[in-house]
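Open the model in your viewer and keep the selection panel at hand.

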Number of protein chains: 2
Amino acid sequence: MSYIVPMRRLRLPGGDLEYAVLTRLWELGLASAREIHTHVGEPAGLAYTTTAKVLDRLHVKGLVIRERKGRAFIFRPKVARGIFDQARARTLLSRLLGSRPLTAVATLVEAVESIDPTLLDELERAVAARRRSPDGT
Amino acid sequence: MSYIVPMRRLRLPGGDLEYAVLTRLWELGLASAREIHTHVGEPAGLAYTTTAKVLDRLHVKGLVIRERKGRAFIFRPKVARGIFDQARARTLLSRLLGSRPLTAVATLVEAVESIDPTLLDELERAVAARRRSPDGT
DNA sequence: GACAATGTACGACATACGTCGTAGATGATC
DNA sequence: GATCATCTACGACGTATGTCGTACATTGTC
């Protein structure tokens with residue numbers, strides 16, 4: 001790892017709460033702050049304004065669109081989940097691989113296994129699939 | 001993703017600069033702040049005190065040991081790289097897998113490929129190896 | 001022993017994010 | 001139309017981390 005780059009400022013990833021909110025939005029297609037809160041914030045014991053604030057920040061970051069509907073807003077994702085997740089995965093992966101990709105890959109596989117052994121099959125399948133279509137099938 | 005857990009406070013991961021410094025320490029075995037700075041901070045255009053501060057924080061976090069040597073300190077890692085990297089990988093991976101592990105695995109493989117296609121081989125090998133010895137060979 | 005060089009200690013500021021609380025606006029209800 | 005419920009706007013605080021600068025201490029050198 002060189003850390004020569006002074007700190008990338010990708011507006012993409014974001015924190016866990018933001019991602020959880022965005023995820024819910026992707027699943028619902030469109031939703032009010034209240035709905036998102038009911039699904040994400042509330043079960044986590046968070047205040048309604050916390051959810052609202054997150055939605056607000058996502059809006060500022062241009063990750064969600066919002067339209068007024070009466071006194072409230074209806075939010076909808078502005079970025080495609082696939083695109084976002086891809087970028088997010090690349091960012092997280094880059095940090096993980098660092099200067100010793102080979103070793104890191106082994107560690108990565110171990111981690112996958114420790115989280116859920118059955119994912120090894122999936123991993124194998126995914127690699128095979130990737131091999132079959134190096135493009136984007 | 002449920003985000004039910006209010007935010008883990010693992011003292012492990014840390015940021016990129018901290019990880020870069022720790023990595024250098026693992027590589028060198030033991031080193032002075034000046035040495036680390038020469039290897040990590042300087043090439044990144046950082047001030048010496050920045051490197052020193054990072055080392056200081058790593059010390060506070062109990063990730064490095066330091067012994068006085070004259071007016072300076074000699075640092076040495078306190079945690080094994082393997083252990084640390086494993087925990088780090090698990091943390092990063094957990095965030096990546098989220099609520100749709102299957103989809104995430106595919107995205108993950110794509111990301112690996114986009115970063116370095118040859119790593120797919122490595123990934124395959126690692127999975128196979130993991131299969132052969134589910135323990136810790 | 002005075003001085004320059006080099007270290008450490010530490011406070012400070014910036015940003016990203018999680019997390020609330022309050023205030024004010026707006027729509028719904030009787 | 002007065003009242004109540006619900007939203008949004010926004011400021012604030014806490015923590016983690018990157019990033020410096022300054023002050024103070026220590027060491028090595030004439």
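How far does a polar side-chain atom of B:Thr50 lie from a phosphate oxygen of DNA strand D, and what is the distance in Å? Select both: the separation is 3.0 Å, where a polar contact is a pair of N or O atoms within 3.5 Å; within protein, one must be able to donate a hydrogen and the other to accept it, and residues adjacent in sequence count only if both atoms are side-chain atoms.

This is a predicted model, in which local features need pLDDT of at least 70, side-chain atom pairs count only at pLDDT 80 or more, and totals for chains, interfaces and linings use all residues. Residues are numbered from 1 along each chain as its sequence is written, chains are lettered from A and ligands numbered from 1 in the order written, and side-chain values use heavy atoms, without hydrogens and water.

Next, select A:Tyr48, whose side chain has an N or O atom 2.7 Å from a phosphate oxygen of DNA strand D.

Finally, select domain 1 (16-77) and domain 2 (98-137) of chain A, with bounds from an automatic or database domain assignment. Their centres, taken over C-alpha atoms, are 32 Å apart.
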